[in-house]
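The sequence and structure come first.

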Amino acid sequence: MRKTVLALAALLLASPAWPNTLILNVNGIEVGDNGKIHRFNMLEFDETTGRVIQTIGPSADGRSQPIDILSTYTIDGHGKTLLPGLIDAHGHVMELGTDALHLDLVGTRSLAELQQRLRDYAAAHPDARWIQGAGWNQELWPTKQFPTAADLDAIVPDRPVVLERVDGHALVANSAAMRAAGVTARTPAPTGGEIIDGLFVDNAKALINRAIPPPTQAEMDQAFAKAQEILLGFGVTGVGSMSTSLDDWKTFRRAGDAGSLKVRLMVYLLGLDPLKAIPHPTPWLYGDRLRAQGVKFFADGALGSRGAWLKQPYSDAPNTTGNQLHSDADLRSQEDAAAAAGFQIATHAIGDAANAQVISTYEWLDSKYGLNRRWRIEHAQVVDCADLPRIGRAQIIASMQPTHQTSDRLMAEKRLGLSRLKCAYAWQSMLRTGAKLAFGTDFPVESPNPFPGLAAAISRQDINDEPPGGWFPEERLSFEQALHAYTRGAAYAGFAEEKIGALEPGKWADFVIVDRDISKVSVPDLYRTQVLETWVAGKKVWSRTPAASATERGK
Ligand SMILES: [Zn+2]
């Protein structure tokens, strides 16, 4: 008898009594497979498998199967808005984590404040072999004078310190860093660079940067953990992990082996080099959380530094058309090698000449491999209107970043002039050609927060409602088009549409709960959306603490 009671008690304690979980009373919003908004007020998923059973409501007719109340654990959603986990089609995961672990100097108002932050950081990180930081801007300081090696030596004399300017075009190093790099006051600056009292400008930066030791395994693990925490805090449960190195891949694998891989990563390796170790796409690993499936190439640079390759010279620099990084034949042969190994191809193209080159390359690849390989153009920022229909015809995926449009607007007008902007950041035109649209942020270039991206996509306005009426407003998207590009579209771009991007039966129960109805709020309010909880495979992996809210308000 006693034995039976104990056995029964053990059974009750050991196994979860309810295999199914039902979240009731939510304002559920997703994009249905017809492209229209699908609303629901209950989500049922299998706790054990982590997969969706069904969404229900608002009317009972939407029910596909009865709920077994006895085997269902219920949670009250308190009317909060529930969305599928957001998917960022293009981000740099390790850079996000690494940047976040470095000293943040954005917003320092004086040299003394920079020194104070450096002192605090050095004390908090006694094990950091090099202290790296970024974000200072002497233009915001009363003296407007560049910091010097001596300014840093006064705070940290014994360890190398390297602090980048906010634009990345200059860094200041202390004496220990210069010693480690073998640089002295007499070292001549390379062409295109300058060295002044520990300040290294443009091409001179490499003299210091090459001495920084590569991160250790432990540092990479720490950076990846930090990146996951940041992404989950913004409701991002899946990422197209761009420009992934072999060391990055190994870091993801270590997290998978340790059971700490939470965000789903669709991995695009950086060029052909990593294919020596990963010759073919891998299967999905760790419960569909990791897959090497693509190779990333670059056709040009970026618009800000006039590296984007244009058909006609820059409006504000008539002597240049930017940087072409490959001949047609070279790009074709490299991408052919990756395609032949079974990989998906993703090519960075910003300028109209680069986009035309990539479209031609993909048309050629289509003739060899067929139309179903989902070749991707990353950014597709400035396209010649004459080339736009070719993107749809070749069924190319346009992997675009709405917040680039709001950040770049004024710079793009200077670089290109208004006439060339007609088919720039052209989301609606892109969709009209039949191209598939996938959205992301290119973090850490922009914040990985997807809600400003949704807000920019539907408004072509920044958080301050600028410019009035929106920039080239004909390229605005509807709310459902924008949410589609951030969920189903991004999943499709990563060959994952059977698994994620919508809360349909059998797909992963990856979802987020947010603090407002994003389908109804104003554009500035949509920008400010906050995630309350993030769930992956039916497990809560992140929830907002009062402290997190306070820090964000302070920013
Ligand atoms: Zn990128």
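Strand 15 gives the largest share of the lining of the second largest cavity, four residues. Strands (E, at least two residues) and helices (H or I, at least four) are DSSP runs numbered from the N terminus. A cavity is a set of points on a 1 Å grid over the protein atoms alone where a 1.4 Å probe fits but cannot get out; a pocket is an open set with protein on both sides within 12 Å along at least five of seven lines, and lining residues have an atom within 4 Å of a point.

The model is predicted: local features need pLDDT of at least 70 and side-chain atom pairs pLDDT 80 or more, while totals for chains, interfaces and linings use all residues. Residues are numbered from 1 along each chain as its sequence is written, and side-chain values use heavy atoms, without hydrogens and water.

At least two lining residues of the second largest cavity also come from each of helix 2 (93–101) and helix 8 (246–258). Among the residues that line this cavity are His92, Glu95, Asp248 and Phe252.

The model has two cavities of 30 Å³ or more. A volume is the space filled by probe spheres set on the points, which are joined across faces, edges and corners.

| Space | Volume |
|---|---|
| Largest cavity | about 60 Å³ |
| Second largest cavity | about 40 Å³ |
| Second largest pocket | about 400 Å³ |

The lining of the largest cavity includes Arg264, Trp508 and Asp510.

The second largest pocket has 20 lining residues, with Lys436, His484, Arg488, Gly489 and Tyr492 nearest its centre. Helix 15 supplies the largest share of that lining, four residues.
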